[in-house]
Amino acid sequence: MPSLADFLDTLPASDKLVVSTPTELDYLPTALVLELEAQKRFPAVVIERPDGYDVPVVTNLFADRDRIARMVGVGPGEFARAWTEAMAKLVPAEVTRARAPVQEVVALGHEADAGALPISRHFEADAGRYIGSGILICKDPDTGVRNLSFQRMQLKGPQKFGVSLHSRGHIWDHLQRSEARGRNLEVAVVIGCHPAIYIAAAAKVAMEIDELAIAGALLKRPVELVKCRTIDVEVPADAEYVIEGEILAGTHEDEGPYGEYTGYSTYRSTRNVFHVKAITRRAKPIFLDIVPGYSSEHLLLSRCTREAHVFHRLKEMVPTLTALNYPKSGTHFHAYMSFRKTAEGQARQALMLLMGLDSYIKLAVAVDDDIDVFDEDEVMWALATRFQADTDLFMVPKVFCNRLDPSSVDGMSAKLALDATKPLKFEGERTRLPQQALDWAREIASRRPR
């Protein structure tokens, strides 16, 4: 089964930035990633010598769309197709090993020290050191179906984390049902594995779907699992680290603030507590971090699956749909869609469907299929030349939304839809150049100055 290290080995040198000098983990990797992003550069960052630790830290891995496509074995622009094909033919994971690379080193009970892991503090207002890159794996208390998700985890002691669960997510539902039976919820936290598993873990799918089966479909082979040492959960055998433990029933403590994807630090938390029972790892592990907050990596990892999932569902109803983009500028709250319009009113119908499919969206823009929705200049140009505010927008007030939106009120938000498609009787014609001239210009522009 391919590992995180295997994937990193496939990356060309130009797609990695290696920091070989001793580097403090608090703030510095975050600052580096955000500075690279400001320069429109998105390499995977490898911190070879983090201060106080003897394992490398990798971050910014999911900051580039083309690299995400490569993670699932397809070329640029092909991720949505690969996702649709994977969802149509899931490949269940298999428990194939009694022991595995992720259990080469095992620390049980009080020997397990989470404070020895190279966990960063990312932003000044953060309450402490946080794991934001851990895939939490648990099982449905009734069906036993595995669930994979990301939840923020604040280090509070050698065997203790504060956890905030997405209050409408599957793991939160699993905990409610476990608590009703007076039981803790067993959870394994996986840090570092093949990135296709991370992509699958970010998906928002039905509760009866095991995200590891999605990962298997993306990889075109079953994910190989090993049983945890202290809990009844299975984890990827080729992972780097696994923290085994339980989210405690009926126990709550303050957690946060934390820099969330909105770009704001938030105290909003479910205030849960995770107790560590064991830590297993490779003999020479790699620690994978994800810079949180309003970073391209944090947003794109979850956006890529959300885009693909919503695109697939929307195209069932809008067959001429060509592309869907959740731009970074809108965190998870804005979406641009393009389609080939054949009748008036189609754009409004498509916009209503889009906002109904995803409760996070508060601004949706529809454009024609000659507009590149991944180029915000193109979308803004369409709004400037094909949109009139008195006839081409509609708004729906007080709709269920994501509570991390700091402008929401009581968990509700207004939804605004903008139709920037051309009327069928449209007199404007885009300026164009011959393909030969465009090819010549690209060749000249690509030459390096002498």
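1. Glu224 and Arg221 join their side chains in a salt bridge, N to O 3.8 Å. The term means a side-chain nitrogen of Lys or Arg within 4 Å of a carboxyl oxygen of Asp or Glu. Glu224 is buried, at 18% relative accessible area. Arg221 is partly exposed, at 34%. Buried means under 20% relative accessible area, exposed over 50%, and partly exposed in between (1.4 Å probe, protein chains only).

2. This is a predicted model: local features need pLDDT of at least 70, side-chain atom pairs count only at pLDDT 80 or more, and totals for chains, interfaces and linings use all residues. Residues are numbered from 1 along each chain as its sequence is written, and side-chain values use heavy atoms, with hydrogens and water left out.

3. How many salt bridges does the rule give? The count is 32. One of them pairs Glu234 with Arg146, N to O 2.7 Å. Glu234 sits in strand S13 (residues 234-236) and Arg146 in strand S8 (residues 146-150), so the pair links distant parts of the chain, 88 residues apart. Helices (H or I, at least four residues) and strands (E, at least two) are DSSP runs, numbered from the N terminus. Both Glu234 and Arg146 are buried. The two also belong to a salt-bridge network with Lys139, Asp210, Lys227 and Asp232.

4. Glu443 and Arg447 form another salt bridge, with closest N and O atoms 3.0 Å apart. Here Glu443 is partly exposed, at 38%. Arg447 is exposed, at 53%.

5. Helix H2 spans residues 28-38, and its buried residues are Pro29, Thr30, Val33, Leu36 and Glu37. They lie on the same side of H2 because they cover an arc of only 130° around the axis. That arc is taken from the directions from the helix axis to the C-beta atoms. An α-helix has 3.6 residues a turn, so residues three or four places apart point the same way. Just after H2, Lys40 has a positive phi of about 60°.

6. Strands S1 and S2 pair in parallel over 4 bridges. Pairing requires at least two DSSP bridges between the strands. Val19 has Ile47 of S2 as its bridge partner. S2 also joins S3 through 3 bridges, running antiparallel. There, Val45 is partnered by Thr59 in S3. Ala44 and Val46 point one way from S2, Val45 and Ile47 the other, and all are buried.
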